[in-house]
Amino acid sequence: MNIKGYIFDYGGTIDTAGCHWGKKLWHAYQRLQVAVSEQHFREAYVHAERTLGSQPIVKPSHTFHRLLDLKLRIELEFLMEQGYWNPTEELYLQTHQQLLENLYAEVRQTVAHSREVLLRLRERCPMVLVSNFYGNMSVVLREFQLDDLFEHVVESAVVGIRKPDSRIFTLGVEAMQAVMPGSALSASDITVVGDSFYKDILPARKAGCRTVWFKGEGWTDETYDETVPDQVITDLAQLL
C-alpha cells in the first residue's frame, strides 16, 4: 500500500495489543482469583462503561491510572451491590489495588512496545489519533510519552461524534490534510489501524480510507470477513 499517513485508534490498539478492554480486565480478575463468574463480570463491565460514558466522572486532568482506578471501583461496587461478590472491606480494598497495579503495569509495558513502533512509523509519514475517549486523551498521551507522536488528536468526547460513526474518521482525514497542505491527499492515501472490526475497520472504509485490522482477543467469539481490511496484523510491529 502507498501509505501517505496513518490514523490510529488508541484503546485496544496501542494500549492492549489488540485485546478488547473487557477481556483484558477479565483476565486480570482471573489472575487475581476474584470470585465472580465471567457473566457477572460482563454485566459489571458494561455498567461501568455506560456510567463513564454518560456521567462526567472522568475529568480532563485525569491520568489513565486515575481512569482505571475509577473504572475498577465502579465495576467492583456493582458486583457487590448486585450480590455477585461479597468481600470484606479489607478484601475489597486489596482486590481493587491489586487489579489496578497489575493492569497498569501491563498497559505500560504494551504502550512502551507500541511507542517504539510508532516512533519508527512517524519517520515515514504523519500520524493522527482517532479515539472514543473521555476527554482526557491529551493527559494520557503525556503520561505514556506519546504526546509528541501525533499531528492531531480527534477525541469523541471533544468532537461529539463516536465510533462507529464514520464521520469521526472523516475528521481524522481532514486533520491529516491540514498538516499536509498542497499534497492533494485523499482518504484512500490514509490507512486506519484499529482493533475493532465494527468500530474501526467498517467505518474507516466507509470514510474512504484503507484499513489494517489489529486482530486480537475480541469481546465475543464473532468471526469477521478478513478480506474486508487491506491487511490483518497480530502485532503492531508488523506495520514495519
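How many helices and strands does the secondary structure of the protein chain come to? In this predicted model, the protein chain holds eight helices and six strands. Along the sequence, these elements follow the pattern β-α-α-α-α-β-α-β-α-α-β-α-β-β. The radius of gyration of the protein chain is 18 Å, close to the 18 Å given by the globule rule for 240 residues, so the chain is as compact as a globular protein of that length. Its C-alpha atoms fill a box of roughly 65 × 40 × 30 Å along the principal axes.

Of the 240 residues in the protein chain, 49% are buried. The accessible surface amounts to about 11300 Å², and carbon and sulfur atoms account for 47% of that surface. Among contacts between residues at least 6 apart in sequence, 65% join residues at least 24 apart.

**The sheet and its helices**

Six strands form an open sheet in the order E3-E2-E1-E4-E5-E6, with parallel pairing. Its edge strands are E3 (152-155) and E6 (231-233), each of which pairs on one side only. On average, neighbouring strands of this sheet are turned by 20 degrees against each other, direction ignored. Strands E4 (residues 190-194) and E5 (residues 210-214) run parallel and are joined by four bridges; Val-193 stands opposite Val-212 in E5.

| Helix | Strands touched | Angle between directions |
|---|---|---|
| H7 (residues 167-179) | E1, E2 (127-131), E3 and E4 | about 160 degrees with E2 |
| H8 (residues 197-206) | E4 and E5 | about 165 degrees with E5 |

**Asp-9**

Asp-9 is placed in the loop between strand E1 (5-8) and helix H1. With a relative accessibility of 5%, Asp-9 counts as buried, because the cut-off for that class is under 20%. Its side chain makes a polar contact of 2.7 Å with the side chain of Lys-163. Leaving aside residues up to four places away in sequence, Asp-9 touches Ile-14, Leu-129, Val-130, Lys-163, Val-193, Gly-194, Asp-195 and Asp-200.

**His-27**

His-27 lies in helix H1 (residues 21-31). Is this residue buried or partly exposed? His-27 is partly exposed, because its relative accessible area of 25% falls between the 20% and 50% limits. The side chain of His-27 makes a polar contact with the side chain of Glu-217, at 2.7 Å. Between His-27 and Leu-103, which stand 76 residues apart along the chain, the C-alpha separation is 9.5 Å.

Notes. Residues numbered from 1 in each chain as written. Predicted model: local features only at pLDDT ≥ 70, side-chain atom pairs only at ≥ 80, totals over all residues. Heavy atoms only, no water. Helix = DSSP H or I, 4+ residues; strand = E, 2+ residues; numbered from the N terminus. Buried < 20%, exposed > 50% of the residue type's maximum accessible area, 1.4 Å probe, protein only. Polar contact = N/O pair within 3.5 Å; in protein donor to acceptor, adjacent residues only side chain to side chain. Contact = heavy atoms within 4.5 Å. Pairing = 2+ DSSP bridges. Axes fitted to C-alpha atoms, helices over the stretch in contact; angles between N-to-C directions. Rg over C-alpha atoms; globule rule 2.2 N^0.38 Å. Areas by Shrake-Rupley, 256 points an atom, 1.4 Å probe, with all protein chains shown as cover.
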